[in-house]
Amino acid sequence: MSAEQHTPVSITSVSIDDPHMQPLARNPRRMEQTIATAMFFGLLSFVLFGVAYWMNWAPWSLGVTLGLGMVLLGFGVTAWGKYLMPKGPFVEERHEVASTEEQRDSFAAAVIQRNLGILGRRKVLGGLAGAGLGVFGIVAAFPLIRSLGPLPKNSLKTTDWKAGSYLVDSTGRAVKVGDVAVGGIVTVFPMGFEDTDNGQAVDQTVLIRLATADVVTLAGRESWGPSGYVAYSKVCPHLGCPVGLYEQQLEVLVCPCHQSMFTVSNGGYPTFGPAPRPLPQLPLYVDGRGYIRSQGGYNQPVGAGFWERS
Amino acid sequence: MNRRIARALVPAAVLGVATIGALSVFMGSGAGASTTSTTSAGTVAQSKAAEVISVPNAAYQTTRPNAGTANSNMQIFNKSGKLVAYGDKNVTYTAPPSSLIPLGQAVYMQNCASCHGVEANGVASNGTPGGYPNLRGLGPATIDFWVESGRMPAADPRSVQAQRHPPRLSHTEAVAIAAWVNSLDPATPYIPHVNAVSTAAVTDGFSLFALNCAACHTITGGGDALANGTNAPSLRNIPATQVAEAIRTGPGNMPRFTGNLSDAELRNIVAYVTGYIQHPSNPGGLGLGGLGPVAEGFIGLALGVGLLALIAFWIGDRT
C-alpha cells in the first residue's frame, strides 16, 4: 500500500473511483459471507433468547444467548464498517468558530457604554437585590449546619455497659460461668441492648474463655478476668470493623478488614496491622448465682479515633 | 465497687429469675418427645446430670443442658450404667461402640503412637504450636473429626496447621481409635448425628452462621487466611457430622462453640452449611468460587477490560 493512499482526502471532493473509496477487504465477496454468517447466528441467538425467556430456562441461558447475539451482531456491524465501507482516511473542513474582530468590538461597546449606565440609575433597587441575596446566603446555611446532626456530646466516650450489666448473647440469653468452654467465644451485649442499633454498633463485645482459673491480662486488671473469662470491645480501634476472628490456640483476635491482630491474653495489645491502640477491655465479675456481669464500662472509648483523641 | 454491684442486684435478680424460668420451660417442652421416641437395650433416664459421667477435662465441657453436653434431655445407659448416647431430638451424640476398642488400639499403635505416645497423652515438641497434643479426655468427637477429615495421621506433623485430605483411615478405623482413646479417660462430647437436617430452620441457621462462623469462614463458606500462617478451611465439601464435630470440639485454632449454641441451633447451622453453603444457587450460572467482590472485580478487569482493549485495537486498526 502506497503512502499516497494513507494521506487523508477531502470527503466533499473525492471521486467515486478514488483508491480511498475502495473497501479494505481484499476479497469483499468472502468478507460479506463471513459477516452475513455472524449476523445470522447473532439473529438466531436473539431468537433463542426469546425462547429461553418464554420457556423459563435457567438464568444463565438468558445471559449466554443475549451476550452471544450482541457479540455476533456487533462483530458484523463493525466488520462491515471496517472492511466493506470506503477505507479512507477522509477529512471534512469546518468553518471558523470565533467571531470577527469588528463583531467583538461592537458587542463590548454596547455592554459597557450603554447597559452599565442604565443599571447605575437605580441604586436603591440594586442595593436591595444585593442585600436580599446576602441574607438568603446566611439563612440558607442554617439547615445545612443543622443537617450535620446533634452534637455527639459524651456519646463517643461511653457505651451502654454499666456496673452490673448482664452479658447476654444475640438472642438475649444471659451467659453463666459454666456456659462457655475453654477456647470458646461468644458475642455479647449488655442485657436490654442486644436488639438496639447502639447496642449492636457500640456495645458489641467478644467474651472469650481462656482458662478455668482467673486470668490477669495486665497489671492493674487483677479482678477483670474471673474464671478465665475476658471481654474485649468487638469494634476495631482502627476503623471500627467487627474484630470477630478468634484463633483459640494462638489466643489472637484478627480484624477482617486490615488484618490487625490483638493478643487476648495481653490486654488486647495489637501485635500486627494498622490498629493504633489495644482493644478496650471490659472488667467482669461472676455474681452469686453464676452469671457473668460487668464491673462497669470500658476502660477507654471504643472504636476508631476521633478529634480530642489520637 | 461492692455497693455498685449491690445496687444493680435487685433488677438483675428479677431478670435472672425470668431468664431461668424461660429456660426451664423451654427445656421441659422438649424432654417428653425425645425420651419416648428413644428405645434401646439399655435404660433410659432423664436429668441425671450429676452422676452422668466423670469429666477429666472439665475445661472443654459446659454446664448448659442440650448444648452438646451430657446433661441433656435424652440419656441412654447400657447395662453396666455407662452413658452410651445423649442429646435431644435435634442432635444425638453416640459413644463409639466398646467392641471396637481392640481394633482401635491396634490402629492407633500403627498410625498415631509415634507422635501422640503409646498412652495417647501427648509428646512435647519444639516449634510446633500445641506440640503433639494429649488426646485423653478430649471426647470421641474430637478424635473422630481429625481422623475422618484426613488431617490425621498428619502428612507433615511439623506444619503450622494440618490441612484437610481424603481420609487415610476408614470410617470404622476412625471410630475404633476414638473408642480406644476414650476408654482411657472417658469424656464427652460423643460423636454427633444431626437428625432430620432437611426440616431444620435454615433462616435461623443463616443468622447464626453470619454471627458465629462467617467472620473466619466468610459468608459464602469459602474459607480465608488468618494469622501466622493459619487459615479457616472451606466448608464446601464437609459432611454434616464433621460440621457438628468441628463446632462442638473447636479443632485447631477454631473456637469451641458449646454452651452458647444449643443443639437446636447447631442443627440449624448444619442445615444451612450442608444446604445453602454447599449448594449455592448461583443464578448467574458461574459463582466464581464465591470469593467476593475483590476477586470478582479482578476477573472483570483482567478478562473484561483486557478483551475490550483487544477489540478496540481491532476496530481502530485501518490496515
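A residue is taken as buried if 20 or more other C-beta atoms lie within 10 Å of its own. In this predicted model, A:Val175 has 24 C-beta neighbours inside 10 Å and therefore counts as buried. A:Val175 belongs to the loop that runs between strand S3 (167-168) and S4 of chain A. When neighbours within four places in sequence are left aside, the contacts of A:Val175 are A:Leu167, A:Val168, A:Asp169, A:Val180, A:Val186, A:Val188, A:Leu207, A:Ile292 and, from the other chain, B:Asn260. A:Arg94 lies 81 residues from A:Val175 along the chain, and the C-alpha atoms of the two are separated by 81 Å.

The contact between the chains takes 43 residues from chain A and 40 residues from chain B. On the side of chain A that touches chain B, two or more residues come from each of helix H3 (59-84), strand S4 (185-190), strand S7 (245-247) and strand S8 (252-254) of chain A. H3(A) provides the largest share of that side, with five residues. By class, the side of chain A that touches chain B consists of 22 nonpolar, 13 polar and eight charged residues.

Helix H3(A) has 26 residues. From its first C-alpha to its last, H3(A) reaches 37 Å, which is close to the 38 Å expected at 1.5 Å a residue. Buried residues in H3(A) are A:Thr65, A:Gly69, A:Leu72, A:Gly76 and A:Ala79. An α-helix has 3.6 residues a turn, so residues three or four places apart point the same way. The cover over the buried residues of H3(A) includes helix H2 (28-55) of chain A.

S7(A) and S8(A) run antiparallel and are joined by three bridges, and A:Tyr246 has A:Leu253 in S8(A) as its bridge partner. Strand S9 (residues 261-263) of chain A likewise pairs with strand S10 (residues 269-272) of chain A in the antiparallel sense, over three bridges. There, A:Phe262 is placed opposite A:Pro270 in S10(A). The hairpin of S9(A) and S10(A) has five residues between the strands, and A:Gly267 in this hairpin takes a positive phi near 70 degrees.

Chain B contains ten helices and seven strands. Of its 319 residues, 39% count as buried. Among the contacts in chain B between residues at least 6 apart in sequence, 66% join residues at least 24 apart. Helix H2 (residues 101-111) and helix H5 (residues 171-184) of chain B have axes that come within 7 Å and cross at roughly 100 degrees. The contact of H2(B) with H5(B) has nine nonpolar, three polar and one charged residues.

How values were computed: Residues numbered from 1 in each chain as written. Chains lettered and ligands numbered in written order. Predicted model: local features only at pLDDT ≥ 70, side-chain atom pairs only at ≥ 80, totals over all residues. Axes fitted to C-alpha atoms, helices over the stretch in contact; angles between N-to-C directions. Helix = DSSP H or I, 4+ residues; strand = E, 2+ residues; numbered from the N terminus. Nonpolar A, V, L, I, M, F, W, Y, C, P; charged D, E, K, R; others polar. Contact = placed C-beta atoms within 7 Å. Pairing = 2+ DSSP bridges. Buried ≥ 20, exposed ≤ 12 C-beta atoms within 10 Å, placed from the backbone. Expected span 1.5 Å × (residues − 1).
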